[in-house]
Amino acid sequence: MKPYNSQPDLQSMFRKYLNGTATPEEKRLVEALYDRFEEQPDILDSYSEQEKQALEYRMESYLKTHIHPQTPTLPLTGWARWRQHFSWRHIAAASVLVACLGGGYFYLNTPKQPIPQVQITPQDLTPGGDHATLTLSDGSQIMLDNASNGMLAKQGEMTIHKVEPGLVAYSGKGLFAENQFNTITAPTGGRYSVVLPDGSRAWLNAESSLKFPTAFAQNERKVAIAGEVYFEVAPDKQKPFLVDVQGVQTIKVLGTHFNVNAYGDEAAVTTTLLEGSVVISAAHTHAKAIQLKPGDQASLSSKGAIQVEKDVNTEKVIAWKNGFFQFEKANIKTVMRQLARWYNVDVAYEGTPSDRTFSGKIARNVNASEALEILQFTGVNFRVEQVGNGTKKGRIVVTTP
């Protein structure tokens with residue numbers, strides 16, 4: 001099928017669909033994108049009524065201006081047919097459809113049917129899931145993927161339960177011991193959540209780990225992380241909660257919600273505060289500790305400098321926890337780093353990567369080819385390859401036309 005890699009192409013296809021001249025493949029593409037919005041009725045619940053009305057007005061004005069409707073005497077055709085059935089949700093779907101190429105915007109929910117195919121070899125790449133390993137203080141390991149719900153182990157007075165797929169919890173009142181530490185590790189293509197001994201909860205993204213004591217000390221609650229972890233810390237004024245981020249940064253909190261991204265292949269360690277208050281300290285510099293307010297994001301560079309950005313999009317920051325990739329003016333390498341961790345693949349580039357930026361959401365529960373199809377609408381091409389029986393499921397090759 002012809003690639004639609006410019007805004008005029010998509011507008012033309014949309015007009016053809018409305019006036020009945022679209023080819024079967026073009027019709028299928030429009031309906032596939034439209035149906036994805038139909039399947040998610042709460043997709044714009046975060047919008048205010050004024051925002052919804054403004055979006056509907058903008059799309060209605062666009063269609064009236066750019067798409068010539070059939071005459072009103074033809075019932076349920078052209079604009080008359082669409083306007084009769086369009087709610088603000090339908091208008092939103094169509095507005096994204098019209099704009100997705102021009103602005104690099106995309107949105108994907110679980111599809112009913114595929115759209116223009118990414119070039120792949122026989123097997124597609126499935127998304128990640130609830131995969132993690134729990135390493136106990138004696139060195140023994142529990143593969144949480146395969147463990148049944150219920151009690152997994154007991155360490156002193158502390159009991160470890162698998163509550164449900166993707167969640168393990170600690171309960172009891174044990175005494176702190178210096179050598180009693182557990183580590184939960186989510187591999188590439190994995191994620192997991194844990195309720196810590198004090199009732200705090202942590203969510204681990206792919207390629208992440210969290211080390212914590214089976215019982216916290218009387219004067220502090222200290223854990224160590226690598227990768228990306230989102231915390232909801234149980235309040236305790238007598239015991240500050242301390243997060244050691246790979247030995248380069250310490251986060252001190254009393255009770256709050258925050259996200260830490262400390263992947264080694266990212267340019268900086270970023271700490272984003274959603275609720276409460278945290279204090280950020282760099283480990284190897286004399287820089288002054290910085291206190292964050294909700295909406296602040298602190299970035300720690302490799303040189304130890306801390307910069308704070310105000311009023312960041314916190315929804316984007318924790319989209320991974322809520323089942324989405326979400327990008328905001330991200331370049332292709334930023335996008336592919338996230339996809340590589342989740343689909344457990346290597347990424348290679350043929351030619352010079354595009355300098356186009358991307359904004360929007362993709363659900364994380366779809367196969368790699370379906371996620372890449374949406375990105376293809378912005379003019380970026382991909383090839384998915386299988387790479388044998390290694391630790392990686394495959395390789396995504398980004399190609400320059």
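Does aspartate 296 count as buried or exposed, and at what relative accessibility? Aspartate 296 counts as buried, at 3% relative accessibility, where buried means under 20% relative accessible area, exposed over 50% and partly exposed in between (1.4 Å probe, protein chains only). This is a predicted model, in which local features need pLDDT of at least 70 and side-chain atom pairs count only at pLDDT 80 or more, while totals for chains, interfaces and linings use all residues. Residues are numbered from 1 along each chain as its sequence is written, and side-chain values use heavy atoms, with hydrogens and water left out.

**Salt bridges**

- The count comes to ten salt bridges, each being a side-chain nitrogen of Lys or Arg within 4 Å of a carboxyl oxygen of Asp or Glu.
- Aspartate 296 forms one of them with lysine 310, with the closest N and O atoms 3.1 Å apart, and lysine 310 counts as exposed at 52% relative accessibility.
- Glutamate 385 and arginine 395 meet through their side chains at 2.7 Å, N to O; glutamate 385 is buried, with a relative accessible area of 17%, whereas arginine 395 is partly exposed at 32%.

**Strand pairing**

- Strand S7 (residues 167-171) pairs with strand S9 (residues 192-195) in the parallel sense over three bridges, pairing requiring that DSSP finds at least two bridges between two strands, and strands being DSSP runs (E, at least two residues) numbered from the N terminus.
- Strand S9 is also joined by four bridges to strand S10 (residues 201-204), and these two run antiparallel, with serine 193 having tryptophan 203 as its bridge partner in S10.
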